[in-house]
Amino acid sequence: MRLEHYIEELLYRYNCVMVPEFGAFLTQTKSAYIKEANHTFHPPSKVVSFNEQLKSNDGLLVSYVADAEKTTYEDMLVQLAEVSKEWKTKLKNGERLLLGSIGKLWLNKEGKIQFEPANQENYLTTSFGLSSCVSPVITREQLKEEVVALEEEIPFIITPEKREKNQFRSYLKYAAVVLLGVSIGVSGFKFYKDNSFNTQIAQQTAQKEISKNIEEATFFDTTPLELPPLNLKARVLGTDEVVEASSEMTYYIVAGAFKVKENADKKIEALKIRGFNASYIGVNKFGFHVVSFENFTDSNDAINYLRKIKRTESSDAWLFQQ
């Protein structure tokens, strides 16, 4: 049992995950920031820390792992106690405890547990899909300063133009300038006309290619939907008896959404050949045909199956409720 895997999953939802008889992993939200040294932008994130003073059992980790491993709360409590004992033994032997993408633990000279976060995973769900990026230095101000300095170094001397005695030569110069302007205007108009025609053809070709790709595209919604069933109370007609009525919901593990119905049917056939209970859900509000791996009436079963599909089949799978 990889206990650190379950701790990572809980860190996305909670700010404190306590391991009984060992310590607690805490998270604190950190705002976006820029490293000026390398011009790197970092999105908002959760910073992970460790506190060995928090050792009491709050039931969160035990209940979550017991549900995932399909065992009882008491048995899982015993198993976690063994894991905590094993981790303490490794630390006392001078080993460094590596916990996946959470970080690593070791003992200092005073026998205190030290923790260094891995910083490989962003546990802040609102920053999903955001990653660090590097922005190059903008040099336009620097170039402007260089031009100003260059203008100050190079002297400009303006001397009055002497009027030539022969006015005919001046007229020839003016005529040459006018002729050059007309030639440039005609050439520019022809270039603009040819370029506009080529641009129109390129746009039409690109539009056809985009339409063709959309017809065969698969669209995913990576935001999982987890809603509990709706419980209602109703009174029996003609009596004072009140009964509870539940609105049974169906949870679908979505495999994809297709623009063309034939592509959706092909996806269903392919999934059924591989042993999935694939089905056709219908058309969503965007006009795409939605296909599912499996469907459930229990939300917990659906969420557990979704985790399995994300690990083994498709990380883009998501949960749809109907």
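Which residues of α6 are buried? In this predicted model, the buried residues of α6 are Asn263, Ala264, Ile268 and Leu271, and because they fall within an arc of 140 degrees when seen down the axis of α6, they line one face of the helix.

**Helix α6**
- Helix α6 covers residues 261-273, and its 13 residues should span 18 Å at 1.5 Å a residue, which agrees with the 19 Å that separate its end C-alpha atoms.
- An α-helix has 3.6 residues a turn, so residues three or four places apart point the same way.
- Gly275, which follows α6, has a positive phi near 100 degrees.

**The sheet β1-β2-β5**
- Three strands with antiparallel pairing make up an open sheet in the order β1-β2-β5, in which β1 (16-19) and β5 (45-51) are the edge strands, each pairing on one side only.
- On average, neighbouring strands of this sheet are turned by 20 degrees against each other, with direction ignored.
- Strand β2 (residues 23-30) pairs with β5 in the antiparallel sense over seven bridges, and the bridge partner of Phe25 in β5 is Phe50.

**Glu4 in helix α1**
- Glu4 lies in helix α1 (residues 3-11) and has a relative accessible area of 14%, so Glu4 counts as buried, the cut-off being under 20%.
- Once its neighbours within four places in sequence are left aside, Glu4 is in contact with Trp87, Leu99, Gly100 and Ile102.

Methods:
Residues are numbered from 1 along each chain as its sequence is written. This is a predicted model: local features need pLDDT of at least 70, side-chain atom pairs count only at pLDDT 80 or more; totals for chains, interfaces and linings use all residues. Side-chain values use heavy atoms; hydrogens and water are left out. Helices (H or I, at least four residues) and strands (E, at least two) are DSSP runs, numbered from the N terminus. Buried means under 20% relative accessible area, exposed over 50%, partly exposed in between (1.4 Å probe, protein chains only). Contact means heavy atoms within 4.5 Å. Two strands pair if DSSP finds at least two bridges between them. Axes are lines fitted to C-alpha atoms, for helices over the stretch in contact, and angles run from 0 to 180 degrees between N-to-C directions. The expected span of a helix is 1.5 Å times one less than its number of residues. The arc is that of the directions from the helix axis to the C-beta atoms.
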